[in-house]
Structure formats: structure tokens, C-alpha cells
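Please open the model in your viewer and keep the selection panel at hand. The tour moves from the whole chain to a single residue.

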Amino acid sequence: MREIAGISANEPIEGGYDLLAEIMSVEGMTRFKGYIESHPNMQTQQVITTFLYKFAIDDMVEEEVGLDGWTDPLIEQLTEQHEEDLFTTSRIPGVELLEP
């Protein structure tokens with residue numbers, strides 16, 4: 001989002017954690033904000049992942065989707081193909097691949 005909007009890494013985004021607050025417990029959000037403030041040089045995405053692992057509200061982040069015919073081997077194959085496509089795309093001159 002920052003890349004597309006041209007916002008530097010040190011500029012705050014108003015409402016940037018609104019979705020996170022909806023899917024994380026109040027305790028987790030409080031701890032997350034305190035941690036971010038006391039560790040300004042940390043990679044925010046890694047911190048979010050860590051805090052979600054511990055404080056996510058289960059009903060808000062887990063949704064099972066059944067797809068008829070989609071077996072584990074098929075999903076693994078499609079995942080591999082997708083990752084190869086991303087790698088190929090990232091190597092196209094003039095293309096900047098934005099990843100989370």
C-alpha cells in the first residue's frame with residue numbers, strides 16, 4: 001500500500017491498523033501498539049504475524065472453504081506453479097513485483 005500511495009516507511013497511515021484491531025483481541029492490540037512504539041525499527045509485517053499468531057480472534061481469521069475436487073496434491077501443484085509465475089514475473093525488465 002505504501003509503495004502504491006508513495007508513502008515512506010516512517011510516515012504513519014491513518015487507520016492503518018483498523019482491520020488488525022477487528023481480528024485481534026483487545027489485549028493483543030494493546031501489546032502490539034506498545035511493542036511497535038518501543039521498537040520503531042522492526043519490520044511491522046513480521047510483528048503483526050507474530051502478534052496475530054498469539055492474539056488473533058479465531059472466528060475472525062479462520063474460514064474453511066471447500067472446493068470440490070481440490071485435493072492436497074492439486075493445491076500443492078498450483079501453489080508451486082503460482083510461485084514459479086511470481087518468480088518469472090519479477091524478472092521481467094521494468095516490472096516491480098509488490099509482495100506483502
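How many positive and how many negative side chains does the protein chain have, and how far apart do the centres of the two sets lie? Select the charged side chains to follow the answer: there are 5 positive and 21 negative ones, and the centres of the two sets lie 13 Å apart, where Lys and Arg count as positive and Asp and Glu as negative, with His and the chain ends not counted, and where the place of a charge is NZ of Lys, CZ of Arg, CG of Asp or CD of Glu.

This is a predicted model, in which local features need pLDDT of at least 70 and side-chain atom pairs count only at pLDDT 80 or more, while totals for chains, interfaces and linings use all residues. Residues are numbered from 1 along each chain as its sequence is written, and side-chain values use heavy atoms, leaving out hydrogens and water.

Next, switch to a cartoon view of the protein chain, which has 6 helices and 0 strands (DSSP runs, H or I of at least four residues for helices and E of at least two for strands, numbered from the N terminus). The radius of gyration of the protein chain, taken over C-alpha atoms, is 18 Å, well over the 13 Å that the globule rule (2.2 Å times the number of residues to the power 0.38) gives for 100 residues, so the chain is more spread out than a compact globule. Along its principal axes, the C-alpha trace spans about 45 × 40 × 20 Å.

Now colour by accessibility: of the 100 residues, 11% count as buried, meaning under 20% relative accessible area, with exposed over 50% and partly exposed in between (1.4 Å probe, protein chains only).

Finally, select residues 26–38, which form helix H3, and pick out Lys 33 within this helix. Lys 33 counts as partly exposed because its relative accessibility is 47%. From Lys 33, go to Thr 44, 11 residues apart along the chain, and you will find their C-alpha atoms separated by 11 Å.
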